[in-house]
Amino acid sequence: HANNQFCEAGIESGESTCGTSSSTNKLLIKGGTVVNAHHQHVADVYVEDGIIVAVQPNIMVGDDVYVIDATGKFVMPGGIDPHAHLGMDALGTTSVDDFFSGQSAALAGGTTMHIDFVMPINGNLTAGFEAYEKKAKNSCMDYGFHVAVTKWDESVSTDMEIMVKEKGINSFKFFMAYKEFIMVNDELLLQGFKKCKSLGALAMVHAENGDAVYAGQQKMIELGITGPEGHPLSRPPMLEGEATSRAIRLADFVNTPLYVVHVMSIDAMEEIAKARKSGQRVIGEPIVSGLALDDSWLWHPDFTTAAKYLMSPPIRSKGHDKALQSALATGVLQLVGTDHCAWNSTQKARGVDDFRQIINGVNGIEERMHVVWDIMVESGQISVTDYVRVTSTECARIFNIYPRKGAILPGSDADIIILNPNSSFEITAKSHHSRLDTNVYEGWKGKGKIEVTIAGGRVVWENNELKVVPGNGRYIQMPPFSYLFDGLDKKDAVYLNSLKAPVKRAKSTT
Ligand code: URP
Ligand code: ZN
Ligand code: ZN
Ligand code: ZN
């Protein structure tokens with residue numbers, strides 16, 4: 001399928017349109033149930049030049065308009081994946097899905113925008129950003145960037161400012177794990193959080209206690225446990241809970257909002273629940289693998305099978321998955337990512353004798369929308385409106401691009417999916433659109449199929465066929481000071497007012 005999965009005409013000509021369905025810049029989606037995070041109703045959606053122009057019943061159009069019948073189907077904002085790594089370099093190799101193949105896969109699965117993580121080069125943010133600008137040139141859907149901060153000095157601090165003021169960045173990720181590579185200490189966290197606050201940028205953390213993980217790994221090796229199962233055993237949920245709690249408290253100390261990426265365990269989720277209950281602005285992002293899978297696979301006798309499930313924080317034991325689903329359903333956790341980071345079996349095989357050498361990462365960018373529909377909506381845990389909220393709208397709000405993204409409203413970008421609740425899907429590595437040779441959801445079947453994806457006003461997925469063009473994706477600048485920052489200054493003022501006047505003590509007479 002690798003050769004014919006994309007519209008050849010479109011790629012070769014490099015034109016912005018291809019095929020009959022997208023050869024017009026005018027689209028009408030007729031008779032579907034239009035779903036936004038706040039409301040759903042039966043209406044037509046009319047699109048011109050990549051923008052939604054009208055959402056209302058019975059829109060009449062001329063015959064130069066491409067019409068799609070959505071009767072009995074859901075018309076929803078395209079998915080936004082807040083967390084994916086395309087074309088990521090690690091341990092001397094590059095992940096197999098670059099921006100084009102990863103985004104093609106995303107579009108086939110109903111995701112129309114993703115936010116990637118710029119990895120600095122030797123700690124340098126600007127160098128990292130420029131490298132990612134190049135990686136993203138062949139994008140076929142819209143994308144944004146977070147920037148990771150892996151060391152601290154004046155130039156990093158200045159670069160953070162440049163990123164926010166000139167480059168469209170409004171979030172920075174700090175890794176509390178990966179000791180001896182990119183791990184940061186509490187001093188850096190505090191400095192980074194303070195800087196984020198001053199810039200109106202959201203601080204994000206990969207929350208695991210990296211020192212303890214390191215010790216846990218040594219212990220497993222000493223015990224002779226060198227296979228993939230050594231990975232979850234070496235970094236148990238308590239280490240995720242500890243780091244989550246520490247990051248939350250440091251963010252509270254600084255009084256800045258915090259976003260915890262890939263929440264994988266009950267331990268971490270409960271720290272977030274507690275903080276939110278006390279009024280702190282903490283966002284928790286579960287990812288599909290954490291919601292839908294358990295770690296039993298890591299004990300599989302076949303190394304390749306076991307290794308494909310290896311990521312950090314680890315996929316947890318049975319029970320964590322259901323608890324995370326409940327937390328998502330009740331608003332303790334707010335939006336779903338994937339952490340898509342695709343390494344082929346041969347790349348994972350470098351760790352065949354030592355789990356510490358297995359490259360971390362699982363797939364999900366293509367599967368997220370279907371699997372979340374299946375486990376959350378089909379199971380009756382959330383409404384269709386909440387599905388839109390956790391897969392699209394909340395991400396757009398948090399990263400301050402709502403309602404351009406995350407909504408079916410006049411004026412919004414025409415990133416739209418049509419989901420048929422009576423049709424079914426099946427996931428296999430043979431039929432998926434990622435370049436990955438495996439799939440952690442292999443054999444997963446469910447009801448609810450995304451039949452059409454429209455990105456930037458173009459039909460890019462229809463009749464199980466992709467029509468994507470490299471270069472059609474745009475970089476979406478994300479402005480600072482999202483709603484999460486509203487009122488922070490007032491809270492700071494209340495705090496300052498609460499400080500009692502310094503005690504005036506008489507000079508010592510001795
Ligand atoms: O295993 C993972 N998560 N790989 C990607 C890097 C990260 O920590 O997000
Ligand atoms: Zn074509
Ligand atoms: Zn991470
Ligand atoms: Zn990640």
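The model is predicted: local features need pLDDT of at least 70, side-chain atom pairs count only at pLDDT 80 or more, and totals for chains, interfaces and linings use all residues. Residues are numbered from 1 along each chain as its sequence is written, while chains are lettered from A and ligands numbered from 1 in the order in which they are written.

The chain has 16 helices and 18 strands, taken as DSSP runs (helices H or I, at least four residues; strands E, at least two) numbered from the N terminus. Its radius of gyration is 23 Å, close to the 24 Å from the globule rule for 510 residues, so the chain is as compact as a globular protein of that length. The radius is taken over C-alpha atoms, and the rule is 2.2 Å times the number of residues to the power 0.38.

| Property of the chain | Value |
|---|---|
| Span of the C-alpha trace along its principal axes | about 100 × 55 × 45 Å |
| Buried residues among the 510 residues | 54% |

Lysine 173 lies in strand E11 (residues 171-175). Lysine 173 is buried because 22 other C-beta atoms lie within 10 Å; the cut-offs are 20 or more for buried, 12 or fewer for exposed, and partly exposed in between, with C-beta atoms placed from the backbone. UniProt, in an unreviewed entry, places "modified residue: N6-carboxylysine" at Lys173; such annotations may be inferred rather than shown by experiment.

Around ligand 1 are His85, His206, Met311, Ser312, Asp339, Cys341, Asn360 and Gly361, where near means a C-beta atom, placed from the backbone, within 6 Å.
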